[in-house]
2 protein chains.
Amino acid sequence: MPEIVECVPNFSEGRDKAVVDKIAAPFTQQEGVKLLDVQTDGDHNRMVVTAIGSPQGMKTAVIAAMDQAVAHIDMTRHQGQHPRMGAVDVVPFIPIQELSMEEAVALSREVAAEAAARFDLPVFLYERSATAPHRANLAAIRKGQFEGMTAKLKDPLWQPDFGPTQVHPSAGVTAVGARAPLVAFNVNLGTDQTAVADAIAKKVRHIGGGLRYCKAMAVELEDRSLVQVSMNMTDFSQTALYRALEVIRMEARRYGVPVVGSEVVGLVPMQALIDCAAYYMGLENFGMKQILEHHLL
Amino acid sequence: MPEIVECVPNFSEGRDKAVVDKIAAPFTQQEGVKLLDVQTDGDHNRMVVTAIGSPQGMKTAVIAAMDQAVAHIDMTRHQGQHPRMGAVDVVPFIPIQELSMEEAVALSREVAAEAAARFDLPVFLYERSATAPHRANLAAIRKGQFEGMTAKLKDPLWQPDFGPTQVHPSAGVTAVGARAPLVAFNVNLGTDQTAVADAIAKKVRHIGGGLRYCKAMAVELEDRSLVQVSMNMTDFSQTALYRALEVIRMEARRYGVPVVGSEVVGLVPMQALIDCAAYYMGLENFGMKQILEHHLL
């Protein structure tokens, strides 16, 4: 099986289709890389690319995409609802196959160093690549946004890991890092009371004393008269999806509310669902090599 | 995604390693084909090859392997515990990816016709390729075994689909056909009473009024003081694994016996386990394209 990395870079352009296409193009042109998705949001004025491929192919494609973003996005004129600090806002690398987290971190450092040198861009390493605990969280790095970065980079705690200590005049600042695959997993509850979903969300999530790799919030599904605990599972290999589901079911009992369904939004690694099947079936001694398609990868 | 077929041919040689290797070799040498497993059993005097690959590559490899088997196996001298009727006993084709059952049937007919012509071998089409209902079941075709085939082929009901109506003097008779993937799925019960597993096996299986694509029997796990309902799920897309598991759990209740685990033996298509995860999680609107690895296939 070949080494496969996923990359989900976010760029601060979601309105100008010509620029969006230029930024996405390298992921379709690079050998060994497959573009899976390009999402644009006009309100956020932001685009999110999802691509998979070989580490070195991905590096080449990402650098080329960053080149386009730096050339065509002017952050001094950028407006949008989503927090952002640079033309290339954030570049996460996710190890998918035959690649360790350490190797993904090494790849992120390579890309960060090359981008900083080529584009004269301050780059922060974040998440698993972070060089200090206070720099792991993207929200902490991005706090102050593009407009606040000039002041922030004067703080000794916020010196970039690569590149100049001055904000790039039009492209701002970028974060690059490795992280575990993120799974968007929602659990629907058989009630229209948002307060119930809200109370449960606060218990299942890490910051509320819940599961370590789980972020959660309540969402109302008005058209179905249901509420939802909407989650980001930030490391399913440590906090399995079934565990979040069963904790929610358990907490919902005190409200007399049933779990009526769940959904995975977007992509999910096969292992995350196989882990759930294995738990509910009580599967013994199961190995991923027993999956027929494993041998096609 | 490319078209992928699985082939699990059974040959009547499980003792002579030189012959086993000659028969398996085409599956390692053919481009577009991957040999996953070769199982030999000395008592059965039989080998089972598991290979996946492109339909045309598989056809070439299988014909080459049959050539070796016909050349090196003499059924007049064959002894073994497993029922058998030919040097190439049975050749099942299983559609795995981007291939319909109809296309797998067409492939099996191509292989049957070519093998019959090249090796002067009577070939029966079986399972989904069968040309009459009484010929669908392999056991019915094989009844009488090699020694009884000369008489059997005189019966108008048992004329081969391809090839001569005389048994090949040394290679006997072969069955070729398309079928759904078979999953070996066992459910362990928290009792040492084989009679309980036996009673449940008889209820869950098709011939006992149970699930249509389920064969089942009781097995004793002596070293664990447990019993097992050992199943062959012959079409998981129609009879899901979770359904068999839950029917067994339900039947076990009347004996006060818990389900304590389950196991999948050998290979299983990803879909079979994703279906189970989706059932137990109540997953809504899930599509296989959401599986990240799907995009690597």
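Against which strands and which helix do the buried residues of helix 3 of chain A pack? The legends below take up this question and others, using a predicted model.

**View 1. Helix 3 of chain A and the elements around it.** The buried residues of helix 3 pack against strand 1 (4–7), helix 2 (55–72), strand 5 (88–97), strand 6 (123–127) and strand 7 (174–178), which belong to chain A as well. Those buried residues are Ala104(A), Val105(A), Leu107(A), Ser108(A), Arg109(A), Val111(A), Ala112(A), Ala115(A), Ala116(A) and Phe119(A). An α-helix has 3.6 residues a turn, so residues three or four places apart point the same way. Helix 3 of chain A covers residues 101–119, and at 1.5 Å a residue its 19 residues should span 27 Å; the end C-alpha atoms are 26 Å apart, which agrees. After helix 3 of chain A comes Asp120(A), with a positive phi near 55 degrees.

**View 2. Chain A as a whole.** Chain A contains 8 helices and 11 strands. Along the principal axes, the C-alpha atoms of chain A fill a box of roughly 55 × 45 × 40 Å. A compact globule of 297 residues would have a radius of gyration near 19 Å, and the 20 Å of chain A agrees with this. Of the 297 residues of chain A, 50% count as buried. When contacts in chain A between residues at least 6 apart in sequence are considered, 72% of them join residues at least 24 apart.

View 3. In chain A, 4 strands form an open sheet in the order 9-10-8-11, with antiparallel pairing. Strand 9 and strand 11 of chain A are at the edges; each has a single partner strand, so one side of each lacks a neighbour in the sheet. On average, neighbouring strands of this sheet are turned by 20 degrees against each other, direction ignored. Within the sheet, strand 8 (residues 183–189) and strand 10 (residues 226–233) of chain A are paired in the antiparallel sense over 7 bridges. Val187(A) has Val229(A), in strand 10 of chain A, as its bridge partner. Helix 7 of chain A packs on the sheet and touches strand 8, strand 9, strand 10 and strand 11 of chain A, its direction making about 25 degrees with that of strand 8.

**View 4. Gly210(A) in its loop.** Gly210(A) is found in the loop between helix 6 (194–204) and strand 9 (214–221) of chain A. Is Gly210(A) buried or exposed? A residue is buried if 20 or more other C-beta atoms lie within 10 Å of its own. Gly210(A) has 21 C-beta neighbours inside 10 Å and therefore counts as buried. Leaving aside residues up to four places away in sequence, Gly210(A) touches Lys203(A), Val204(A), Arg205(A) and Val247(A). Although Gly210(A) and Val247(A) are 37 residues apart along the chain, their C-alpha atoms are separated by 8.8 Å.

View 5. Strands of a sheet pair through backbone hydrogen bonds, either parallel or antiparallel. In chain B, strand 6 (residues 123–127) and strand 7 (residues 174–178) run parallel and are joined by 5 bridges. Phe124(B) stands opposite Ala175(B) of strand 7. Strand 5 (residues 88–97) of chain B also runs parallel to strand 7 of chain B, through 4 bridges, and Pro92(B) stands opposite Gly177(B) of strand 7. Because 5 of the 5 residues of strand 6 of chain B are buried, that strand is largely enclosed by the rest of the structure. Strand 7 of chain B is mostly covered, with 5 of its 5 residues buried. Thr174(B), Val176(B) and Ala178(B) point one way from strand 7 of chain B, whereas Ala175(B) and Gly177(B) point the other way.

**View 6. The contact between chain A and chain B.** How many residues does each chain bring to the contact? Chain A contributes 36 residues and chain B contributes 36 residues. On the side of chain A that touches chain B, strand 3 (33–41), helix 7 (241–252), strand 11 (259–265) and helix 8 (270–281) each supply at least two residues. Helix 8 of chain A gives the most to this side, with 7 residues. By class, the side of chain A that touches chain B comprises 25 nonpolar, 7 polar and 4 charged residues.

Terms used: Residues numbered from 1 in each chain as written. Chains lettered and ligands numbered in written order. Predicted model: local features only at pLDDT ≥ 70, side-chain atom pairs only at ≥ 80, totals over all residues. Contact = placed C-beta atoms within 7 Å. Nonpolar A, V, L, I, M, F, W, Y, C, P; charged D, E, K, R; others polar. Rg over C-alpha atoms; globule rule 2.2 N^0.38 Å. Buried ≥ 20, exposed ≤ 12 C-beta atoms within 10 Å, placed from the backbone. Expected span 1.5 Å × (residues − 1). Pairing = 2+ DSSP bridges. Axes fitted to C-alpha atoms, helices over the stretch in contact; angles between N-to-C directions.
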